[in-house]
Amino acid sequence: APAPVVTATVAPTAVPTLALTGGERSTLVPSKISTYVPWGHFSDITSIIESKMFYPIFVTGLSGNGKTTMIDQVCAKLKRPCYRINITAQTDEDDLLGGFRLINGETVWQDGPVVAAMEDPNGGVLLLDEIDLGTATIMCLQSVLEGKGVFLKKVNRWVTPQPGFTVVATANTKGKGDDNGRFAGTNIMNEAMLDRFPVTLEQQYAPKTTEKKILHKVMKSLGEIDKPFADLLVSWSDMIRKCYFEDAVDEIITTRRLVNVATSYAIFGERKKAIEMAVARFDDATKEAFISMYDKLDGDTIMTEASADVVDADTATRFDLTVSFDEKDTVKMKGAKWDKLGKKWYVTGDDYRSDRDYWNGWQATPVAEVAVADEKCPF
């Protein structure tokens, strides 16, 4: 008997299967992140996407500095659907534009995330994440990057982008490859594709003041607020970055890793352990150097006790407590924290001022923190 003929049909485009993003269109507007702090190019990207003009953006910068999150949160602010595709060396036309899938015994055409973003009536934002990891197969996006639409040759259909559709790409390089091996797998991108991005935005790491705000928010969301430790972490990462840019060390502490340290601290309640867990992925020499840097900074952060008439209780950042061993659980449940280095229980200035009478029962002493001065790379 002759083999049965499989009919190629086209799946309804109203509810596409998004192979690389997942979910239906209604779920693709990102949620706002309560701990996010807008900075850098956030306002510029907001202006571009809010204009609903087709204006592809190439965002480049070192890893872990918030490039992808920035795009995500711009879309959340503007309530625009974000179609994020994580580009890899295996990403091809079938992944991007769509292809035939075997569903219930039938070969069915299903649109890819690029087509879904182009046809989204709410103005889809196509996010090509880590675009410099792609190969020549992503050149199928040339006409998409021109804003002209794309022809799906396998089903003989022309796709016209809806108003508001645009493209944002992120990368660790500028598409010229990476000779030092820090970003393994990145490729030299086709110049014709790069030329289709009218603007390139270089994203640096956030300023120290911004990173402090980020860590303060993260710690607050985790219920483990330790502003002195957060400020110390920012000074520590800043010193390491100076060493990195001077080629004194091969590794770097990213903003993402600082957030991981804050999370570890919320879980274990130990500063040093949180640091050690964060740098464990590095080689032994680098790990020891980073821990040594932290120890030096932590040792140079002096907490100077003073009487209430010297340190203003309304501006003090911390209040040390007189707590016996049997009383430690009581104050801990109320929000007090243990300073492992100083071997004292303390509360933050905000906690103290929210319930002065209670904390004064533990002989709360206002403390003035001496900020850590900026230092040059010690190597």
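Predicted model: local features only at pLDDT ≥ 70, side-chain atom pairs only at ≥ 80, totals over all residues.

Q: How far apart are the ring centres of Phe 229 and Tyr 265, and how are the planes set?
A: The centres are 4.8 Å apart and the planes sit at 55 degrees, so that pair counts as tilted.

Q: Which helices do those two come from?
A: Phe 229 is in helix H8, residues 227–245, and Tyr 265 is in helix H9. The pair therefore ties together parts that are 36 residues apart in sequence.

Q: Which residues make up the aromatic cluster there?
A: Phe 229 and Tyr 265 are in one cluster with Trp 236 and Tyr 294.

Q: What does the side chain of Tyr 294 pair up with in a polar contact?
A: With the side chain of Asp 298, at 2.6 Å. Asp 298 belongs to helix H11, which covers residues 284–300.

Q: Is Asp 298 buried or exposed?
A: Buried. Its relative accessibility is 10%, and the cut-off for buried is under 20%.

Q: OK, new topic: charges. How many salt bridges does a search of the whole structure find?
A: It finds 22. As background, side chains of opposite charge can pair when their charged atoms come close.

Q: Which residue does Glu 202 form a salt bridge with?
A: Lys 174, with the closest N and O atoms 3.2 Å apart. That pair links distant parts of the chain: Glu 202 is in strand S10 (residues 199–202), while Lys 174 is in the loop between strand S9 (166–171) and helix H6 (191–194), and they're 28 residues apart.

Q: What's the relative accessibility of Glu 202, and the relative accessible area of Lys 174?
A: Glu 202 is at 44%, which makes it partly exposed. Lys 174 is partly exposed too, with 45%.

Q: What does Lys 176 pair with?
A: Lys 176 meets Glu 191 in a salt bridge, 2.8 Å from N to O. Glu 191 is in helix H6 and Lys 176 is in the loop between S9 and H6, so the bridge ties together parts 15 residues apart in sequence.

Q: How do Glu 191 and Lys 176 come out on accessibility?
A: Glu 191 is partly exposed, at 46% relative accessible area. Lys 176 is at 51%, and that counts as exposed, since the cut-off is over 50%.

Q: What about Arg 353: which residue is its salt-bridge partner?
A: Asp 350, with the closest N and O atoms 3.7 Å apart. They're 3 residues apart in helix H13, residues 349–354, so about one helical turn separates them. Arg 353 is partly exposed at 26%, and Asp 350 is partly exposed at 48%.

Q: Which residues do salt bridges with shared partners join into one network?
A: Asp 111, Glu 119 and Arg 157.

Q: Last one, Ile 49. Where is it, and is it buried or exposed?
A: Ile 49 is in helix H1, residues 42–50. It's buried, at 1% relative accessibility.

Q: What does Ile 49 touch, leaving out residues up to four places away in sequence?
A: Val 74, Leu 78, Arg 80, Val 125 and Thr 166.

Q: And how far is Ile 49 from Val 167, in sequence and in space?
A: They're 118 residues apart in sequence, and 9.4 Å apart in space going C-alpha to C-alpha.

Definitions and conventions:
Residues numbered from 1 in each chain as written. Heavy atoms only, no water. Helix = DSSP H or I, 4+ residues; strand = E, 2+ residues; numbered from the N terminus. Buried < 20%, exposed > 50% of the residue type's maximum accessible area, 1.4 Å probe, protein only. Polar contact = N/O pair within 3.5 Å; in protein donor to acceptor, adjacent residues only side chain to side chain. Contact = heavy atoms within 4.5 Å. Phe/Tyr/Trp six-rings, centres within 6.5 Å; stacked < 30°, edge-to-face > 60°. Salt bridge = Lys/Arg side-chain N within 4 Å of Asp/Glu carboxyl O.
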